[in-house]
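Please keep the sequence and the structure at hand while reading.

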Amino acid sequence: MENIFGIPVTSIMNVLLVIFGLCLLIGAYILIRNRIVFRMGVRNIPRRPAQTVLIIVGLMLSTMIVAAALATGDTLNHSIRADVYNYLGYTDQVISRGGDGQTDVAEGDLDAAAGGESGARVSMSLLETLREETADVEAIDGYMAVVSENVPAIVGQAERAEPVTTMFGLEPGAVEQFAGLRDLDGNTIDLNDLAENEVVVSESLADALAIGEGDQFTIFVQNAPHEMTVFAVGEDSFLTGVQSPETPGGFSMPLAHAQQLAGFDADEVSSIAVTNAGDEISGADRTDEAMAAIEPILAGTEYSIDDVKASNLEEAEFAGNSFTSLFVVLGMFSIAAGVLLIFLIFVLLAAERKSEMGMARAIGLQRRHLTQMYIAEGLTYDLAAAAIGAALGVGAAWVIADVIGRLIGEFIQIEPFVTWQSLVIAYTLGVVITFVTIVISSWRISRLNIVSAIRDIQEEPKEREGRKFLIFGILGLIVGGLMLFGGAESGSLALYTMGISLIPLCLAVILRRFGLSSRLVYSLAAGAVLLYWVLPWEWVAYIEPEGMSGDLEMFFISGIFMVASATVLIVWNATILTNLVSFLGRTFSRWLPAVKTAVAYPLASRGRTGMTIAMFSLIIFSLVAMATINSNFEQVFASDDATAGWDIQLQQGPVNPIDDLDSALQEGDVDTDQIETSARMSSVGFGAARLRMPGDDEWGNYNVRGVDDHFLTESEMPLQARAPQFDSDDEAWRAVIDDPSLVMIDAFAIPQEGTVQVGGPTFQLEGAEIDDGVIEPINVEVGATLNGGSQEVTVIGVVDQRVSMLWGVFMSEAAFDQVFAQPTSYTYFLRTESGVDHTEFAADAEAALIQYGVQADSMQDLLDEQLSINRGFIYLVQGFMALGLVVGIAALGVVSFRSVVERRQQIGMLRAIGYDRTMVSASFLIESLMITLLGVLSGTALALWLAYQLMTSEEFAEIGQIDFTIPWGMVLLFGFIAIVAALIMAWIPARQASRVSIADALRYE
């Protein structure tokens, strides 16, 4: 990848390397100037191996998450780029018949770009002109005329068949400039050696049809059969018609033969391919030079040039950046939990060594020496943990790549890959995050009371905090105010909400300086922040400036502040739990002492208890919120309206048109009496249609559909909004039939905040406002890239987002024919009688129509496939986020192991007054269970409320109303995993505590 969050990777790496160097310099300074202090810090590392392992596990999580996110982005970027290089080969630009602008072709549509669209023909005279006028241009290596058509291929009596293959006609004399045709042994194939009906078949098509050299197969062009003989099996490449992993490939032949078969004149071709100087990779670097030389020649003509390779490489970069951003933002929950764990670890280390630090201070060590001692220890942990985390992160990315490959391998060949820059960034960022946290916690640790530390007793609570507390509170108040002001001025919802959340918390810190009750001020401040986040968004909007907008980062910000405020409320009001336990203990009197002990100890250490609760709460919050939001979105996209009431979809190209669908099906022995109704939709390839708002200079890509009267009247396509002059959806659809200037558009064209789009349409309907199902008519301009035609139409309705299987601009066939010269594909929709097996009927229909190049699918099967891919990605992201549970479990393990040491004398006293081993063990287990439960319940409740607010908000109501549902199975699974893992982690120290000898425990110091 070249950019992360819009910032160049090299810039990020250089900055991090500088900061990393400063961290090392601090460590080196301590080693050189205070060697004894440094040795006092690092000597503690080997003293308790089990604890050291837990500490390293906690410290490495941040690095692991960042490394996994970056490596996943690298993998997607590399995989898409590899597909571009593999399937375009040496083809860098394509010249086709089009309008006055370039066409950006999305990944997966390389065939449309490379071969040109059906019906668009290029004159061979242009080829000669280009060769003459650019002969001295160093950036251009050559040109090649290409004829491309999609045709069906059949072996025998349809024993084996492929409804869509690519027939390529190539200029024999120009093929070598594009790296040439090669057979599977690497030998060069000369197209001049092929007889009239001989072709070079791609390896993938040969495998699909089980054919080889000398075998024959039949293709249909203009509904006429033609026998082809395999001259050789070639490598999969652009030259053999392979343009994406999901296509079965194609076959190549000399240009003249392809022109004859496709009905082209001798001076007509589909497109002209351009190859730049260099190989398939370096050639893309000369795109700008080549375009600058060719564009003036095409100016004022009906032809345009598309930088297909460069634009697809940009798409690859964008895809990698988008997924990296997504994983990093969602992984920040785990990173935040990791930061809390670091604080907790060093607080516990300080508690363990309290007497030792008190003695060190008593004999002359200063606070800065204690700080340096812990920095030295922490930096040693940090350097090792970051290296382990980076390695495990790459391993996690490999697993993620395997899962993604299983999900979308049909469309993109996923190949695990990571750059050294990403590894450097992950390692240095992990070290820096951890080091900064260590420095802050080390400074906090050093501020101890010498007498209390030597005696190893709790310090007396202060009636008021010191002046430094006041200074930090004032600084925080200033920062919060600046964020509030900056967010209001810039319209940044993230800055505004952070500012408004920081101000109450900083006020509480300031008020604490003046002696007010800690419980009172912290509870009020946390309650105010939590109230701000849980109030209905429509209420909060009254105190927010207009025009505020946020993105995916709002998910993280809301989670952080909701969890933090809820945790503060819990730990400062946890005495309610003690009273509740006492009340319930009457029923379980035998275990009441163990329960009370389990509750009392965490309440005496609010800091460590709060941090542990917050860790579990953060991760559960992110998992439950994502699962719930996805579950409700699926309710929209997988509703009964998703298929618009159609059962089966038949797709075909224009090369072999079907004059009468019913007759064609009957000839193939398909029982058409099972069909209730049918409809037809005409389309042009993605990139061949474009839209723009009137007056705009830039076009945006969007699908445009020409539909017949049956489609408009028989489809079940509810409108999310319609123009006010129409009283019903049916009336609005009827208007589209009667008036060619009226169209409908799908809800995905309405701009939406917080969405992450990789590829796909680039047009958005500006100024569209939906108010209670009403939208004012909006004019848009529809243009055809291939013939340069355009027409202004009026959008009178927005198709409900629940119709998820069909999207685009819907216009009548008459309006479609006015703009586009010829469709590039036809789609027939069938509605069958009740009880018909749609999958089986689709298979029969495809077999019957194989000579027409028809691909038939059950609409429900296609929907299920889409949902399966979507669920797979959600589960993948949830699994990535669940890495944070390791943080919480590690924290609980650190706390539990420390508790056994810290409470050794207490355990001896309890055993001496009658506690048996079971009660001691139960006390520790109940303590861990209570902390985990509080975190799980807090995170779950907050996540469900946030999801409910989102799904029932006015903003979401604009794109589809739903009945809010909770995926209880997933919610309970997350809670169960967290609780069981926590109990397992607590069982070892609990068992250790129960085996402590009474005499040894009482003598322990």
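## Basis and confidence

This is a predicted model, in which local features need pLDDT of at least 70, side-chain atom pairs count only at pLDDT 80 or more, and totals for chains, interfaces and linings use all residues. Residues are numbered from 1 along each chain as its sequence is written, and side-chain values use heavy atoms, with hydrogens and water left out.

The chain has a mean pLDDT (the predictor's confidence in each residue, from 0 to 100) of 82, and 85% of its residues reach 70 or more. Confidence is highest in strand S9 (residues 198-202), at a mean of 94, and lowest in helix H4 (residues 110-115), at 42. Helices (H or I, at least four residues) and strands (E, at least two) are DSSP runs, numbered from the N terminus.

Over residues 99-118 pLDDT stays under 50, and the model has 62 contacts (heavy atoms within 4.5 Å) for them beyond four places in sequence. Residues 754-758 also stay under 50 in pLDDT, with 12 such contacts.

## Packing of H18 and H30

Helix H18 (residues 553-572) packs with helix H30 (residues 917-951) at an angle of about 135 degrees, and their axes are 10 Å apart. Axes are lines fitted to C-alpha atoms, for helices over the stretch in contact, and angles run from 0 to 180 degrees between N-to-C directions. Angles under 35 degrees count as roughly parallel, over 145 as roughly antiparallel, 65 to 115 as roughly perpendicular and the rest as oblique; H18 and H30 are therefore oblique to each other.

H18 contributes Phe555, Ser558, Met562, Val563, Ala566 and Ile570 to the contact, and H30 contributes Leu934, Ser938, Leu942 and Leu946. Eight of these residues are nonpolar, two are polar and none is charged. In this scheme Ala, Val, Leu, Ile, Met, Phe, Trp, Tyr, Cys and Pro count as nonpolar, Asp, Glu, Lys and Arg as charged, and the others, Gly among them, as polar.

## Loop between S10 and S11

Gln222 lies in the loop between strand S10 (216-221) and strand S11 (224-234). Its phi is positive, about 50 degrees, although Gln222 is not a glycine. Asn223, in the loop between S10 and S11, has a positive phi of about 65 degrees and is not a glycine either.

Gln222 is partly exposed at a relative accessible area of 48%, and Asn223 is partly exposed at 27%. Buried means under 20% relative accessible area, exposed over 50%, and partly exposed in between (1.4 Å probe, protein chains only).

## Thr434

Thr434 belongs to helix H12 (residues 420-445) and is buried, at 0% relative accessibility. Leaving aside residues up to four places away in sequence, Thr434 touches Leu59, Ile342 and Asp382.
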